[in-house]
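Subject: Structure handover

Hi,

Here is the structure I promised to pass on to you. Have a look at it in your viewer first, then read on for my notes.

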Amino acid sequence: MARQLTTERSRINDPDSVGIHLHGLDEAELLVVLYRGGWADIDYIVDAGDAGVIPAPTVISVQAFASLLDACVSRVFGISYDVE
């Protein structure tokens with residue numbers, strides 16, 4: 001049975017997803033969950049005074065996810081990578 005791709009979040013009953021949880025030195029953490037529908041939930045903590053949610057655009061390709069992940073890693077850990 002082929003799975004149908006939909007971006008309407010409220011219609012998803014079985015949201016296949018992949019999660020990435022990164023830990024840095026000190027308190028820094030980044031949690032990114034990418035759902036089959038093309039959206040991502042991103043939570044972060046840099047320190048006790050800087051934590052929250054990073055808004056994410058719809059992810060429409062592998063390259064878009066790589067760019068999103070690069071931006072989040074830069075934001076939380078201060079590390080930048082070139083994504084091709």
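Below are the notes, going from the sheet to single residues.

A word on conventions: this is a predicted model, where local features need pLDDT of at least 70 and side-chain atom pairs count only at pLDDT 80 or more, while totals for chains, interfaces and linings use all residues. Residues are numbered from 1 along each chain as its sequence is written, and side-chain values use heavy atoms, with hydrogens and water left out.

**The sheet**

Four strands make up an open sheet with antiparallel pairing, in the order E1-E2-E3-E4. E1 and E4 are the edge strands with a single partner each, so one side of each has no neighbour in the sheet. On average, neighbouring strands are turned by 5 degrees against each other, direction ignored. Helices (H or I, at least four residues) and strands (E, at least two) are DSSP runs, numbered from the N terminus. Two strands pair if DSSP finds at least two bridges between them.

Strands E3 (residues 40–47) and E4 (residues 50–53) run antiparallel and are joined by four bridges. The hairpin between E3 and E4 passes through two residues. Within this pair, Tyr 44 has Gly 52 of E4 as its bridge partner, and Asp 43 stands opposite Val 53 in E4.

**The helix**

H1 lies across E1, E2, E3 and E4, and runs at about 160 degrees to E2. Axes here are lines fitted to C-alpha atoms, for helices over the stretch in contact, and angles run from 0 to 180 degrees between N-to-C directions.

**Two loop residues**

Ile 54 sits in the loop between E4 and helix H1 (62–77). Ile 54 counts as buried because its relative accessibility is 16%; buried means under 20% relative accessible area, exposed over 50%, and partly exposed in between (1.4 Å probe, protein chains only). Leaving aside residues up to four places away in sequence, Ile 54 touches Ile 42, Tyr 44, Cys 72, Arg 75 and Val 76, where contact means heavy atoms within 4.5 Å. Ile 54 and Cys 72 are 18 residues apart along the chain, and their C-alpha atoms are separated by 7.8 Å.

Asp 26 belongs to the loop between strand E1 (17–23) and strand E2 (29–35). With 79% relative accessibility, Asp 26 counts as exposed. Asp 26 also has a positive phi of about 65 degrees, although it is not a glycine.

Best wishes
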